[in-house]
Amino acid sequence: MTKIRAAITAVGGYVPDYVLTNKELETMVDTNDEWITSRTGIKERRILKGEGLATSDLAVPAVKQLLEKRGIGAEEIDLIIFCTTTPDYPFPATANLFADKIGAKNAWGWDLQAACSGFVFGLTTGAQFIESGKHTKVLVVGADKMSAMVDYTDRATCILFGDGCGAALLEPDYEGYGVIDSILKSDGAGIPYLHQKAGGSLRPASHATIDARQHYAYQEGQAVFKFAVTNMANVAAEVMERNNLTADDIAWLVPHQANKRIIDATASRTGVPAEKVVINIDRYGNTTNATIPLCLWEWESKFKKGDNIILAAFGGGFTWGSAYLKWAY
């Protein structure tokens with residue numbers, strides 16, 4: 001019996017119109033373009049402006065574009081895995097709100113929270129539903145409105161993040177294309193270095209937590225950088241070794257876009273040359289769950305059927321992982 005694999009059959013993406021440049025950030029905090037660019041590789045990021053707009057609103061245009069490309073209706077989707085760190089509400093799930101907005105009346109779904117590794121975790125999870133034969137159309141969305149939880153008086157974090165959404169549709173494949181393998185890891189000991197201090201059940205919102213500015217993203221940059229450089233690079237190399245792949249076999253490395261130096265370290269560890277590394281951090285910053293699917297969306301026209309692609313991610317908590325897929329179209 002032919003093995004069913006979960007292949008990406010369409011991708012979509014969306015970034016807001018408003019461009020927040022390094023020059024504008026210079027007017028907000030004590031920083032400058034040269035400092036930001038040399039340390040992160042970021043020149044600008046996109047911000048979702050407007051009253052009443054949330055993470056799900058980033059996902060709607062991305063997925064409508066995906067469905068149009070694939071030539072299917074939203075009612076054909078079986079399952080939605082919505083990977084986000086910035087849900088519209090603590091509950092109900094953004095996946096459900098989003099399904100209603102696009103008319104996915106026959107889909108069930110949930111939110112997946114694994115910080116910046118969320119899309120890789122979600123893609124691997126969605127693949128299981130395809131491989132089991134349970135579903136035939138699984139939508140994996142990576143979307144974040146990070147501007148909603150960034151402190152624009154904190155120069156350590158406000159330079160890093162942007163808003164955006166990327167999405168991928170998984171369908172059955174019988175020719176050997178699709179998600180081949182993945183290695184996913186997590187370590188809760190990393191919480192002190194990257195987290196949101198209040199807003200959950202441990203420290204519910206109060207005047208005290210708001211006055212202490214504890215509802216924003218908090219990061220200890222050096223600790224996170226050291227862990228990410230080692231672990232994201234190692235897991236990408238590990239998934240290649242496990243599948244007997246060398247750098248020559250890899251068509252594209254698609255790393256999480258957190259910091260250009262972390263991307264370079266991952267490329268160096270895997271031996272993949274710079275011309276095979278997908279990068280858009282300079283224009284979008286760190287869009288958290290959206291970075292990898294936005295890369296797939298932007299580079300879609302350059303991918304060829306049968307290309308070996310390595311995804312690699314790292315996120316707060318800590319979470320990290322890598323997936324190996326063979327492009328299907």
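1. Contact, as the word is used in this note, means heavy atoms within 4.5 Å. The structure is a predicted model, in which local features need pLDDT of at least 70 and side-chain atom pairs count only at pLDDT 80 or more, while totals for chains, interfaces and linings use all residues. Residues are numbered from 1 along each chain as its sequence is written, and side-chain values use heavy atoms, with hydrogens and water left out.

2. Together with F314, I310 touches the most other members of the largest nonpolar core, which has 39 residues. Such a core is a set of buried Ala, Val, Leu, Ile, Met, Phe, Trp, Tyr and Cys residues joined through side-chain atoms within 4.5 Å, where buried means under 20% relative accessible area, exposed over 50%, and partly exposed in between (1.4 Å probe, protein chains only). At least two residues of this core are supplied by each of α7 (221–242), α8 (260–270), β12 (308–315) and β13 (319–326), and α7 gives the largest share, seven residues. Helices (H or I, at least four residues) and strands (E, at least two) are DSSP runs, numbered from the N terminus. A second, separate core of 36 residues includes F119, V120, I309 and L311.

3. The strand β12 also belongs to an open sheet of four strands, ordered β8-β13-β12-β11 with mixed pairing. Because β8 (178–186) and β11 (252–255) stand at the edges with a single partner strand each, one side of each is left without a neighbour in the sheet. Two strands are taken to pair if DSSP finds at least two bridges between them; β12 and β13 pair in the antiparallel sense over eight bridges, and I310 stands opposite Y324 in β13. Helix α7 packs on the sheet, touching β8, β11, β12 and β13, and its direction makes about 150° with that of β12, with axes being lines fitted to C-alpha atoms, for helices over the stretch in contact, and angles running from 0 to 180 degrees between N-to-C directions.

4. Which residues does UniProt list for "active site"? The unreviewed entry lists C116, H256 and N286, and such annotations may be inferred rather than shown by experiment. Although spread over 171 residues of sequence, these residues cluster in space, with a largest C-alpha distance of 8.8 Å. C116 lies in the loop between β5 (108–112) and α5 (118–131) and counts as buried at 11% relative accessibility. N286, in the loop between α9 (281–284) and α10 (291–299), is buried with a relative accessible area of 4%. Leaving aside neighbours within four places in sequence, C116 is in contact with H256, N286, T288, A313, F314 and G315.

5. Helix α3 (residues 55–70) has 16 residues and reaches 23 Å from its first C-alpha to its last, close to the 22 Å expected at 1.5 Å a residue, the expected span being 1.5 Å times one less than the number of residues. Its buried residues, including T55, S56 and L58, pack against β1 (5–14), β4 (79–83), α4 (94–102), β6 (138–145) and β7 (163–173). T94 lies in helix α4, counts as buried at 0% relative accessibility, and is in contact with S56, F82, P87, D88 and D111, leaving aside its neighbours within four places in sequence.
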